[in-house]
Amino acid sequence: MSLPSSSTEFDIIFAGGGTTACVVAGRLAAYDPSLRILILEAGQHTLNEAAHVQPYQYTFHLAPTSTTVTWIVGNPSPHLNGRAPIVSCGRCVGGGSSVNFLVYTRAPASDFDNWGVDGWESENLIPLMKKLETYEVQPDCSTHGYDGPIKVSSGGRKMGVSDEFIQVGTTYHKRQYADDTNDLETCNTYSPWQKYIDGTTGRRSDAAHHYVYNQAHNPNLHVWDGKRVRRIIFEDKRAVGVEFTSDPVSCPDADQSLSIVRALKLVVVSAGAFGSPIILERSGIGAEAVLKRCGIEQLVNLPGVGENYNDHNAAFVPYYVADGAVTMDALWRGEESVVQENLAQWNIDGKSLIAQNGGDAKIKWRPDIEELEAMGPAFQPRWKEFFQDRPDKAVAIFAIFSGYAGPLSGSLPPGNYVNASYYTLYPSSVGSVHIKLEETGKEGMDFTTGFLDDPSDIVPLNFAYKKMREIYRRMPSYRGEISAGHPSFPEGSAAVCGKASGPVDLNAPDIIYTAEDDEAIDKFHRDVVQTTWHSLGTCAMKPEADGGVLDARLNVYGVSNLKVADMSIAPLNVGTNTYSTALLIGEKAAMIIAEDLGIACRP
């Protein structure tokens, strides 16, 4: 399809305005302010919106009525007891960086070396990791940066319950302590959990504000919100523009007719692990069978599009804590006096619980010999094949969140709660994301999460429940389990949950679980295991013969002037909350594009 000469023209067009798009567009605009850059984002602007800049409000984005995320329903799975899992992703300017949990975690450097992609080795990426951040926690750390746009701090108020978690972890759980376990190698060590919060202002440190909105003075950098990209327009397999429409959620009263904008230099698809493969497939790039079912004429046979879906498997398990414990609960319940008191302080100096997410401590956990034995034979092959000789790879993150904002919130009386959070970092199972036609003839998404498909994936979750429960019941503030959020153990079991008057002794024996109890834990996880909102891999950067979609310079195979830049490019999973990786991909993509265009940039 040729474009009419009257089409609006830009040099570079971004299909999607999430984390990585903001980084790339912002960097390129700063490198060469004459570049005419357009970001098309289906969601709405986030500029100075309280819901996005006040850290404590992150939980509200996961409310069922939220329009700042997109809800994607997966196919029912027998490994989830027939459940259809739901995964959400950001749909606003800044994407996940504007709605995520704000936790600062970085993958081990070896994860990037394992990708095996030329130019993406850790030695090439570490300078970019440092470039993007200002690490406000402690000075003179060799792997951290101190002059970047993204601020990292301890937040605006310490949560004392987290100190209890660390204390029990370093005694009962017999692990070491370190101030920094995000140095790209330290593992199996308890530590404070830093946050993407500006330590001075107390505001969320997101990509939209710190790469794009701060360049409002540049008349050539444009963000059109409420615009959903339908497909890429090609002339002789060269990307020359995009077709888009008004997003029906962001702009319910807007004209839904299609519009086209022309890209003179480049189109960058940056719509995330769900949006990017779908845009490619709508544009005729993908597997023949998928496109044929949807009546889409194939432009390039690229069967890897939409395959290799990865995530992390999470569970969040609630507990009661003592009345005097400091938690986020009153804020999350919206108790007006508490909110106003904290807001007043935050407005003065950026402190208070407004500048908190509740998560102050974690461990990137690897099992010791005794724990491995307790996990049984089903996990042993995976351990030996992947983890055993890679001491920097954690099996899971164990963490504490001081406050509860889960599905039971509406039925719990006002009180103080904590959440045991654990999620596996390198599950074996993978899924897929493809376009499909519903019976109504409307477009839908054929999404398979793959959660727990591999028998080894549930084993560390089952063990984590037991270990986390032992840690929590030894913490001084522990007051029992919220039984509705735990496995349903048989009557008379030593594992039956309920309220408690206080903790057990540090040296108390562990709960002994029967085979029936183990079945209850297994069923519990199949009923509740969920996304960690770390979707990636569906436009993998690897050889085409291996199911790849992109080369090392992010070019889509088989066409020209089209790149993908977001978490979908990751060929393998990463052992981290993925905001840090999305930022890193953005910095690297900006360098690649600048080099392609002959623009000088600071490495």
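Trainee: What volume does the second largest pocket have?
Mentor: The second largest pocket has a volume of about 980 Å³. On a 1 Å grid over the protein atoms alone, a pocket is an open set of points with protein on both sides within 12 Å along at least five of seven lines. The volume is the space filled by probe spheres set on the points.

Trainee: Which residues are closest to its centre?
Mentor: Ala 405, Gly 406, Pro 407, Gln 530 and Trp 533, out of 34 lining residues. Lining residues have an atom within 4 Å of a point. The lining divides into 24 nonpolar, eight polar and two charged residues. Here Ala, Val, Leu, Ile, Met, Phe, Trp, Tyr, Cys and Pro count as nonpolar, Asp, Glu, Lys and Arg as charged, and the others, Gly among them, as polar.

Trainee: How should I read the model itself?
Mentor: It is a predicted model, in which local features need pLDDT of at least 70, side-chain atom pairs count only at pLDDT 80 or more, and totals for chains, interfaces and linings use all residues. Residues are numbered from 1 along each chain as its sequence is written, and side-chain values use heavy atoms, with hydrogens and water left out.

Trainee: Switching to helix α15, how many residues has it got?
Mentor: Helix α15 has 19, residues 579-597. Helices are DSSP runs (H or I, at least four residues), and strands are runs of E, at least two. From first C-alpha to last, α15 reaches 27 Å, close to the 27 Å expected at 1.5 Å a residue. The expected span is 1.5 Å times one less than the number of residues.

Trainee: How many of its residues are buried?
Mentor: In α15, 16 of the 19 are buried. Buried means under 20% relative accessible area, exposed over 50%, partly exposed in between (1.4 Å probe, protein chains only).

Trainee: Which residue does Glu 587 meet in a salt bridge?
Mentor: Glu 587 meets Lys 131, at 3.9 Å, N to O. A salt bridge is a side-chain nitrogen of Lys or Arg within 4 Å of a carboxyl oxygen of Asp or Glu. Lys 131 sits in helix α4, 456 residues away from Glu 587 in α15. Both Glu 587 and Lys 131 are buried.

Trainee: And what about Glu 595?
Mentor: The side chain of Glu 595 pairs with Arg 553 in a salt bridge, 3.0 Å from N to O. Glu 595 is partly exposed at 45%, and Arg 553 is partly exposed at 31%.

Notes
1 Å grid on protein atoms, 1.4 Å probe; cavity = no way out; pocket = protein on both sides within 12 Å on 5 of 7 lines; lining within 4 Å.
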